[in-house]
Amino acid sequence: KELWKELFQEATGQFEGVMVDNGNVFTAPYATHIYNMPMNSSGYDIEDEDVPFCQIVLHGYVSYSTEPLNLSAVPDTNVLKAVETGSSLAASLMYADSETLMDTRYNTYFSSHYDTWLGKLAEYDRRTSQILGLVAKAQIVGHGQVDSDVYCTTYSNGIRVYVNYNTSDVKVGGILVPARDFVYVN
């Protein structure tokens, strides 16, 4: 632990920023961005709900991003989770066709050909960039479930973001949250 701490201290002195992959409590004080931050709990049966604890603690102090959307089994859901938690979107792309990596140690990049994803990633960015930009520097001051599969995140700048994971529209406190979508109120 001390060796890593020393390494991170040296890196923060030499570079404008330090990005970590996944990260942990020891890297957070040195990181300017955490890539591939977990968005969900471990999924163990003892856990009833996913609470974005790390995001609540770090938002407004350290930027962070989702797992690469193109490598996710549920990219549309992860976009909603990113909006719920104030996470930047991430992708892991390459120019060569993904088949190039088949039967290699890099076959985890099974869906990384940029041409396959460019349009969809641009759509995700178009949908989320405004709200993520508005809350980027604000702290999360409230988060909770406000209806079945509908969550509200409140930021220190007064913005509230409602995310609906349902397949039908839901009305919460007079606010209509479309199915599998989000709205924000300032």
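**Aromatic pairs and pockets**

In this predicted model, the structure holds four aromatic pairs. Trp 4 is exposed, with a relative accessible area of 55%, whereas Phe 8 counts as buried at 11% relative accessibility.

The rings of Tyr 151 and Tyr 165 form another pair, with centres 6.0 Å apart and planes at 80°, so this pair is edge-to-face. This pair links distant parts of the chain, 14 residues apart, since Tyr 151 lies in strand β6 (residues 150–155) and Tyr 165 in the loop between β7 (160–164) and β8 (170–172). Both Tyr 151 and Tyr 165 are buried. Ring pairs also link Trp 4, Phe 8 and Tyr 30 into a cluster.

Turning to the pockets, the largest has a volume of about 350 Å³, and of the 19 residues that line it, Met 37, Pro 38, Phe 53, Cys 54 and Gln 55 are the closest to its centre. Helix α2 (residues 53–58) gives the largest share of this lining, five residues, and the lining as a whole divides into 12 nonpolar, six polar and one charged residue.

The second largest pocket holds about 240 Å³ of space; among its 13 lining residues, those closest to the centre are Ser 63, Tyr 64, Ser 88, Ala 136 and Lys 137. The lining of this second largest pocket divides into five nonpolar, seven polar and one charged residue.

How values were computed
Residues are numbered from 1 along each chain as its sequence is written. This is a predicted model: local features need pLDDT of at least 70, side-chain atom pairs count only at pLDDT 80 or more; totals for chains, interfaces and linings use all residues. Side-chain values use heavy atoms; hydrogens and water are left out. On a 1 Å grid over the protein atoms alone, a cavity is a set of points where a 1.4 Å probe fits but cannot get out, and a pocket is an open set with protein on both sides within 12 Å along at least five of seven lines; lining residues have an atom within 4 Å of a point. Grid points are joined across faces, edges and corners, and a volume is the space filled by probe spheres set on the points. Helices (H or I, at least four residues) and strands (E, at least two) are DSSP runs, numbered from the N terminus. Ala, Val, Leu, Ile, Met, Phe, Trp, Tyr, Cys and Pro count as nonpolar, Asp, Glu, Lys and Arg as charged, and the others, Gly among them, as polar. Rings of Phe, Tyr and Trp (its six-membered ring) pair if their centres lie within 6.5 Å; planes under 30 degrees apart count as stacked, over 60 as edge-to-face and the rest as tilted. Buried means under 20% relative accessible area, exposed over 50%, partly exposed in between (1.4 Å probe, protein chains only).
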